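Subject: Structure handover

Hi,

Here is the structure I promised to send over. Please open it first, then read my notes below.

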Amino acid sequence: MSHWSKEQALAYDQQWGELAFHRQIPSLAGVSDSNNIVEIGCGGGFLSVCLATYARGVSVLALDPSAQMIELANNRRQQAGLSEAQLQFLQAGAESLNVMAESIDLVIAAFSLHHWRDAELGMQLVFNSLKSGGKIWLCEDMHTPTGGTLKVNNNLKAFAGIKQLLEQFAFTSIEKHLLATPEGEFLIVQASKAT
Ligand SMILES: C[S@@+](CC[C@H](N)C(=O)[O-])C[C@H]1O[C@@H](n2cnc3c(N)ncnc32)[C@H](O)[C@@H]1O
């Protein structure tokens, strides 16, 4: 289901799985009380735990196609003492997002968009899932190597490509920010579903 092998997932999680930047994301993305959040490409779930614990009554559904990542993520959920009502992990790619239409306040994808197998299908499902006024929040690392053994869509690591994809689905208020941190330089893109 995922093109990430068990070894790649474990190596990634060990090196990049827990970033100080992940802890900043709930505030940068504007998570607030009682938000229904979907996180796509959650990896080992460190950010998912940060999202679920950031505000009261938040519920997070976090997807990743890698079985290994989901196992790591479930361990982190248990260590954090979170229930499945607060944080649920599912082994699935963006292309299998299956939630009630117009039920989600915020969709987050950290460093995952360029991995989606079918970004157009995934984004259509994201758009359908959002309430009107709901938001998508994406980030990409501006300096990850473009080579390697994983098949990725490099267009979706740059603002122009991400904007073009979002515009296909009538997202509005598309905004870009660059954030330089000791862990890297990150491109942040957010957009809304019109009310
Ligand atoms: C670079 S990692 C980022 C993980 C995590 N979001 C983080 O911030 O550490 C990319 C993740 O995207 C996942 N991925 C691969 N194909 C995907 C797809 N089609 N849909 C959603 N996620 C996918 C991978 O399994 C991997 O966990």
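Ser-34 sits in the loop between helix H2 (20-28) and E1. Its phi is positive, about 65 degrees, although Ser-34 is not a glycine.

Two notes on the source. Numbering starts from 1 along each chain, following the sequence as written. The model is predicted: local features need pLDDT of at least 70, side-chain atom pairs count only at pLDDT 80 or more, and totals for chains, interfaces and linings use all residues. Helices (H or I, at least four residues) and strands (E, at least two) are DSSP runs, numbered from the N terminus.

Phe-111 also has a positive phi, near 60 degrees, and is a residue other than glycine. Phe-111 lies in the loop between strand E4 (104-110) and helix H5 (119-129). Phe-111 counts as buried, because it has 22 C-beta neighbours inside 10 Å.

Now the sheet. Seven strands form an open sheet, in the order E3-E2-E1-E4-E5-E7-E6, with mixed pairing. Two strands pair if DSSP finds at least two bridges between them. Strands E3 (87-91) and E6 (171-181) are at the edges with a single partner strand each, so one side of each has no neighbour in the sheet. On average, neighbouring strands are turned by 15 degrees against each other, direction ignored.

E1 (residues 36-40) and E2 (residues 59-64) pair in the parallel sense over five bridges. Asn-36 has Ser-59 of E2 as its bridge partner. Ile-40 stands opposite Leu-63 in E2. E2 is mostly covered, with five of its six residues buried.

H4 packs on this sheet and touches E2 and E3; its direction makes about 165 degrees with that of E3. Contact means that the C-beta atoms of two residues, placed from the backbone, lie within 7 Å. Axes are lines fitted to C-alpha atoms, for helices over the stretch in contact, and angles run from 0 to 180 degrees between N-to-C directions.

How do H1 and H4 cross? The axes of H1 (residues 6-16) and H4 (residues 67-79) come within 8 Å and cross at roughly 40 degrees. That makes H1 oblique to H4. Under 35 degrees is roughly parallel, over 145 roughly antiparallel, 65 to 115 roughly perpendicular, and the rest oblique. H1 brings Lys-6, Ala-9, Leu-10 and Asp-13 to the contact, and H4 brings Gln-68, Met-69 and Leu-72.

Gln-14 is also in H1. Gln-14 counts as exposed, because it has 11 C-beta neighbours inside 10 Å. Gln-14 and Gly-44 are 30 residues apart in sequence and 9.4 Å apart in space, C-alpha to C-alpha.

Last, the ligand. It is surrounded by 23 residues, and the closest are Gly-41, Gly-43, Gly-93, Ala-110 and His-115.

Best wishes

Notes: A residue is near a molecule or strand if its C-beta atom, placed from the backbone, lies within 6 Å of it. A residue is buried if 20 or more other C-beta atoms lie within 10 Å of its own, exposed if 12 or fewer, and partly exposed in between; C-beta atoms are placed from the backbone.
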